[in-house]
Amino acid sequence: MMPFDQMLPQALMDANLADLESIFQPAEDVEVRFSPWYLRERMKLLVNPGKWMEEHPGRRKRLDWKLVGLAAALLLLSACAAAFTGQFSQWFPWLGVNPDAPEASEDIMARMGTVIEQSQAADGMTVTLHAAVWDGETLRLSVTAEKPDMPEEWDEAFWRGSWICQEECRLSMRRDQLEDYTRKEVENRYAKMDLPPEELERMTQEQLAADQFDFLLGFNLIRREGDTLFFEVTLPLADYVERPELTLHIETLATYEEGKGTAVTTGNGERTGPGPDVVLVGGPYDFTFTLDKKLQPVIYEGTIALTAENIPLEVSRIKLTASAVETDCWSPVSIQYVFSSDEGAGDPDLTYIQEEQAQAMGPQGLWMEDGTYVDFSEMRKSFQMAETLDGTAGELGCRYPHVVDPHAVVAVNLGGTRVELRDLERGTE
């Protein structure tokens with residue numbers, strides 16, 4: 001049976017929803033604004049009611065049930081549908097919140113988010129998988145690990161300069177879905193080779209039989225607050241199956257052995273490199289969940305000619321996700337990246353560019369359908385170029401300072417040129 005203190009909040013919610021139904025129905029579209037103090041206290045109460053009561057001992061002396069009912073009603077008005085205001089923004093702060101429109105940022109995260117809130121305890125430590133956000137391309141998970149009397153030496157100076165040993169952690173997919181996922185992955189990988197369907201299926205079955213498919217997890221220790229460690233988990237996850245059912249296995253998150261490198265390699269079935277040193281999270285812990293939502297990338301294809309840093313470019317593809325933009329481009333000139341002006345600047349058939357020019361050639365901002373502009377000119381750009389027979393092909397990209405609705409973007413600033421997306425054709429992956 002569920003403990004009384006866990007049943008009480010839900011009972012209060014249900015009772016007030018039934019009692020105040022006539023009030024909620026006409027108020028569904030009403031925007032309710034609360035003070036910052038109220039929002040902070042509300043979030044503390046929702047996340048950890050016990051701790052909130054400990055911080056407010058006076059609340060225990062006399063409980064005003066009318067006040068409780070009003071509080072529950074306000075919570076329902078402002079946070080009915082699966083996610084409370086500010087939840088995803090707190091779980092995924094590294095995605096960024098628009099300071100001018102925090103509610104919009106929260107809404108975007110919620111549209112690609114799944115609330116999980118599963119906790120498991122082992123070896124005196126409680127690990128919680130809070131939520132997931134998925135843009136149809138990258139999956140992000142919010143994980144915390146809490147342990148009473150956590151060693152003081154586990155401070156930022158200790159773990160900031162170390163990679164996280166995670167070789168015993170993994171993510172798996174329900175078997176029937178994994179078969180579909182692997183088949184689609186093989187088809188996409190060899191799409192340009194025009195292989196017959198039976199050959200693709202043979203390769204798919206071989207990979208499944210060998211259990212070769214591996215989701216590449218990345219654990220990042222974000223911060224520590226008191227006795228709690230906050231982790232970010234990211235991995236590529238394509239939009240190949242609907243509502244994927246996943247299991248996250250966490251075991252032996254640690255720093256690497258000192259003096260033995262910062263990477264583990266495998267070859268010929270053998271593992272080489274450093275092992276775990278200081279174990280931060282032992283385990284094992286297993287969390288099974290289903291992704292309910294995703295905010296898929298938006299892709300535009302066509303040909304746009306422009307000039308960036310005096311270099312002619314032809315943009316053929318623009319992909320917008322909730323957190324970044326990528327552009328495929330080609331140039332008729334042979335571009336050579338150099339680290340200094342003195343490096344190899346002697347071949348008249350080559351066009352030499354340095355870091356500053358490469359950054360200026362990439363995406364600089366977005367125009368939204370409401371007329372606002374998202375400026376990321378100061379953020380570092382990704383820049384990849386490869387020589388071709390008739391010029392240079394490349395990919396230019398940049399992450400946004402905060403989440404953006406990719407469906408609301410109308411134009412992209414590429415190297416100082418406004419590219420209207422309406423001049424391109426909406427494509428698919």
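Predicted model: local features only at pLDDT ≥ 70, side-chain atom pairs only at ≥ 80, totals over all residues.
Two strands count as paired if DSSP finds at least two bridges between them. Across the pair, Phe383 stands opposite Leu396 in strand 22.

Leu396 also turns up in the surroundings of Thr327, a residue of strand 16 (residues 324-331). Thr327 has a relative accessible area of 1%, and because buried means under 20%, Thr327 is buried. Setting aside neighbours within four places in sequence, Thr327 is in contact with Gly394, Glu395 and Leu396, as well as with Arg317, Ile318, Pro363 and Leu414.

Once neighbours within four places in sequence are left out, the contacts of Val374 are Gln364, Gly365, Leu366 and Met368, plus Pro401, His402 and Val404. As for Tyr400, that residue is 26 residues from Val374 in sequence, with a C-alpha to C-alpha separation of 7.9 Å in space.

Over in helix 8 (residues 102-111), the buried residues are Ser105, Glu106, Ile108, Met109 and Ala110. An α-helix has 3.6 residues a turn, so residues three or four places apart point the same way. What covers the buried residues of helix 8 includes helix 7 (87-91), along with strand 1 (113-122) and strand 2 (125-134).

Notes
Residues numbered from 1 in each chain as written. Heavy atoms only, no water. Buried < 20%, exposed > 50% of the residue type's maximum accessible area, 1.4 Å probe, protein only. Helix = DSSP H or I, 4+ residues; strand = E, 2+ residues; numbered from the N terminus. Contact = heavy atoms within 4.5 Å.
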